[in-house]
Amino acid sequence: MRLVITGGAGFLGTRLARKLLERGTLVDAAGNARSLRRLVLLDVVAATVIDPRVTAIAGDLADPAVIERVVTADTDSVFHLAAVVSGHAEAEFDTGMRVNLDATRALLERCRKLDRPPKFVFTSSLAVFGGQLPDPVLDDAPLTPQTSYGAQKAIGELLVYDMTRKGYIDGRSLRLPTVTVRPGKPNKAASSFASGIIREPLSGIDAVCPVAPETQLWVTSPRRVIDNLIVGHDVAPAKFCQTRSVNVPGLRVSVEEMVSALRRVAGDAVAARVKWQIDPVIDKIVRTWPANFAPRLGPALGMNGDSDFGTIIDDYMQEMAT
Ligand SMILES: NC(=O)c1ccc[n+]([C@@H]2O[C@H](COP(=O)([O-])OP(=O)(O)OC[C@H]3O[C@@H](n4cnc5c(N)ncnc54)[C@H](O)[C@@H]3O)[C@@H](O)[C@H]2O)c1
């Protein structure tokens, strides 16, 4: 199989690439398990995964010539992860529209022109929901984004579904929870603190939490979400309901509970490195996101959430130690 990951040098793109290479097989559009022959990693920055099956292409997905180069006639599947994240898309409306919407549509158009409709996995987000919602949020809750990023993801989902309905692609849109703990530096996502309040204290650095302790989040570990992305790719089309969108399972946790878990795992002095100072811009965005989901389709497809936040921290510490 020839696979493409856009955003292949990013946090999840890199992990997905490693996991796919380790597995070596995936289910193709005809339902057959096939071995991974070529994995193309497209990103504006250089991908770091090294393997004879990997081709890394540096380029801008919003450039049609780059899309032509990346999605060739023999492409079996596309994992579309490239995006500018929530805080960035909110601060720079035009950049968000260009990357999250225009490039997504151009990529879908390219896939549509292939002789064999490829599988297309789109990483959407819980940010397609916001405002007054049923509690818990069920799979068929209305799309009510309250940010530009959420609106761009919602439009992407509708395009993925419509092109699937037309038979142009075999699409799947996975609404990811907030993924934590993300290693490295803070990014421009409004949810960046959800990793920072764990990662920085564990490295001996103070972290500012920009939302109130009682703020609830719907989170997932990187390990679980990568497994769920692969399940979302492999699952048979007949298993979906009337759309191709899935609320990916997660864990509901308050920020206070996250810090308590940090205290249990790493001790009082580490947890005391979290300082509380509300940032009105981030707080406003995060407040629009629901945290209480009751996903049914995702678990029925074989997706799983994490059982507790302490295990997510343990996973992160183990990863950092290796
Ligand atoms: N991490 C999360 O908590 C989370 C939650 C919900 C949804 N998502 C979605 O999952 C996907 C992956 O997220 P991530 O956390 O790995 O983000 P990330 O920022 O680490 O990775 C995204 C990658 O896309 C690349 N990119 C941006 N613009 C591009 C362009 N024009 N052309 C080519 N590449 C471009 C970036 O360089 C980056 O490496 C995104 O679509 C994101 O919206 C992530």
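**Strand β11.** I first looked up β11, residues 216-220, and found it mostly covered, with 4 of its 5 residues buried. Here a residue is buried if 20 or more other C-beta atoms, placed from the backbone, lie within 10 Å of its own, exposed if 12 or fewer, and partly exposed in between. Strands (E, at least two residues) and helices (H or I, at least four) are DSSP runs, numbered from the N terminus.

**Basis.** I noted that the model is predicted, that local features need pLDDT of at least 70 and side-chain atom pairs pLDDT 80 or more, and that totals for chains, interfaces and linings use all residues. Residues are numbered from 1 along each chain as its sequence is written.

**Partners.** I counted two strands as paired if DSSP finds at least two bridges between them. β11 pairs with β9 (residues 178-179) in the parallel sense over 2 bridges, and T178 stands opposite V219. With β13 (residues 251-254), β11 pairs in the antiparallel sense over 4 bridges. On that side I found Q216 opposite S254 and L217 opposite V253.

**Sheet.** The 3 strands form an open sheet of mixed pairing, in the order β9-β11-β13. β9 and β13 stand at the edges with a single partner strand each, so one side of each has no neighbour in the sheet.

**Ligand.** I found 27 residues around the ligand, with G7, G10, L12, L61 and A83 the closest; a residue is near if its C-beta atom, placed from the backbone, lies within 6 Å. β9 is among the elements that give two or more residues to this shell, while α1 gives the most, with 3 residues.
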